[in-house]
Structures are given as C-alpha cells and as structure tokens.
Amino acid sequence: MKKLFLFMLLTLSLYACSQPETNEPEPETAPVDSVANMPESMPDDFDFSIQFGVGKNNEINTFEGTVTKDLIENGTATAEISLTEEEMNQIYEKMKEINIKEPKEFTPEPVDGTICSVEPHEEDAWEIIVNGETITHSVSGAYCEPTEDTKEFIGLREEAFSIVREKDAYKALPGAKGGYE
C-alpha cells in the first residue's frame, strides 16, 4: 500500500513538473482607483450638515442655512446663518485635503484586547453633497485614543464651527446652562 501511495505521489509530481510552460504574459489588470477624488474646485451643489456634540444637539446646516446651539438644560436654539462663498470654499478645501470621499477608520485598534472609552462623549454625524453624491460619516469621540481620521474630522468640524461662532446671529443665541457629566 505504501509503495502504491509513493508511486501515485511521484507520478503526480512528475506530471505537474512536466506541464508545458506558456510564455504568454499574464493579462494585465488596470489599476483600480479605490480612492475617489474630489473635484478640484467647489461644485455648485456643495452643501453639508454636521450634527455634533453630546447627543448631537448642535448643528451647522448649509442646506437650510441654519445653525442650532445646544443650550444643555434649556434645550436648543436655532438661528438662520448663511456662509459666504469664500467660507464654503475654505471648508471645501479642508474636505478636499482630507478627502472626505475615501473610506475612513474611526475606531481605534484595541490595546491588550480593550478599547479605552470616555463618557460623556461627543458624536459627529456628517452629510455632504458633492456633485450630486451624498457622503456620510459618523465620528465618535468616545475613544481615549482617536484615530488619525477622527482627528482630521474633528479639525474639520472645528474649522467650520469657528466660522459660525464669528457670525452675529450665532453670537445672539442664548448661552448654555448646565453641563454634561
């Protein structure tokens, strides 16, 4: 039985080695552009909405031209605010810089099998329109060690919010009362 098995193994090995080689090159595959690039200049339909903070009670919404402020114990307050084309371009350029269209990693790798988290924490929910395409991202501030993508989106949110905070309509909103524990 052993001899038969060895004979079969040897025959298969010789058969595999004796197959004629073809000199035909393997067909080339075109490189896949897995990263979607954003248009060089801001498209006419560019708009975004970001809900952020604890409970996502703050919002900057360029679709509707509004901003909502979390007043914590006193609910929320909304004001009409429009961003100038220059301000929209500034935000668009930042979005292009971090390429908001490419896949992002917002959850850090576990350390020793665990992921450190904090409470309360902020959450960001983005909805962006670029050339008719809707792009969404959800970013959690729950992690002690945020990913680079999370840091980029927090920076993007802070840049947009710093523009809004300078608007008279935002400054006229009431102050928040209380805090989150």
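**Salt bridges, disulfide and the elements around them**

1. Twelve salt bridges are present in the structure, and, as the model is a predicted one, every value in this note should be read as computed from its atoms. The points that follow take some of these pairs in turn, and then move to the disulfide, the strands and a helix.

2. One of the salt bridges brings together the side chains of lysine 167 and glutamate 87, with an N to O distance of 2.8 Å. Because lysine 167 sits in the loop between H3 and helix H4 (168-171) while glutamate 87 belongs to helix H2, this pair ties together parts that are 80 residues apart in sequence. As to accessibility, lysine 167 has a relative value of 17% and counts as buried, and glutamate 87, with a relative accessible area of 17%, is buried too.

3. Another salt bridge is formed by glutamate 102 and lysine 104, whose closest N and O atoms are 3.2 Å apart.

4. Arginine 157 is in helix H3 and glutamate 122 in the loop between H2 and S5, so the pair ties together parts that are 35 residues apart in sequence. Arginine 157 is buried, with a relative accessible area of 3%, while glutamate 122 is partly exposed, with 36%.

5. How many disulfides does the model contain? The count comes to one, and the bond joins cysteine 116 to cysteine 144 with an S to S distance of 1.9 Å. The link connects distant parts of the chain, 28 residues apart, with cysteine 116 in the loop between helix H2 (85-97) and strand S5 (123-130), and cysteine 144 in the loop between strand S6 (133-140) and helix H3 (148-165). The torsion about the S-S bond is about -50 degrees, so the disulfide is left-handed. Cysteine 116 is partly exposed, with a relative accessible area of 44%, and cysteine 144 likewise counts as partly exposed, at 28%.

6. Strand S5 is mostly covered, in that six of its eight residues are buried. S5 pairs with strand S1 (residues 47-53) through seven bridges, the two running antiparallel, and in this pairing aspartate 47 stands opposite isoleucine 129. S5 also pairs with S6, again antiparallel, through eight bridges, and here alanine 125 stands opposite serine 138. S5 and S6 make a hairpin with two residues between them, and in that turn asparagine 131 has a positive phi of about 50 degrees.

7. Threonine 66 belongs to strand S3 (residues 66-70) and counts as buried, at 15% relative accessibility. Leaving aside residues up to four places away in sequence, threonine 66 touches Glu59, Ile60, Asn61, Thr78, Ala79, Glu80 and Ile81.

8. For helix H2, the geometry can be checked against expectation: at 1.5 Å a residue its 13 residues should span 18 Å, and the end C-alpha atoms are 18 Å apart, which agrees. The buried residues of H2 are Glu87, Met88, Ile91, Tyr92, Lys94, Met95 and Lys96, and the cover over them includes S1, S5 and H3. After H2 comes asparagine 99, with a positive phi near 45 degrees.

Key. Residues are numbered from 1 along each chain as its sequence is written. This is a predicted model: local features need pLDDT of at least 70, side-chain atom pairs count only at pLDDT 80 or more; totals for chains, interfaces and linings use all residues. Side-chain values use heavy atoms; hydrogens and water are left out. A disulfide is a pair of cysteine sulfur atoms within 2.5 Å. Helices (H or I, at least four residues) and strands (E, at least two) are DSSP runs, numbered from the N terminus. Buried means under 20% relative accessible area, exposed over 50%, partly exposed in between (1.4 Å probe, protein chains only). Two strands pair if DSSP finds at least two bridges between them. Contact means heavy atoms within 4.5 Å. A salt bridge is a side-chain nitrogen of Lys or Arg within 4 Å of a carboxyl oxygen of Asp or Glu. The expected span of a helix is 1.5 Å times one less than its number of residues.
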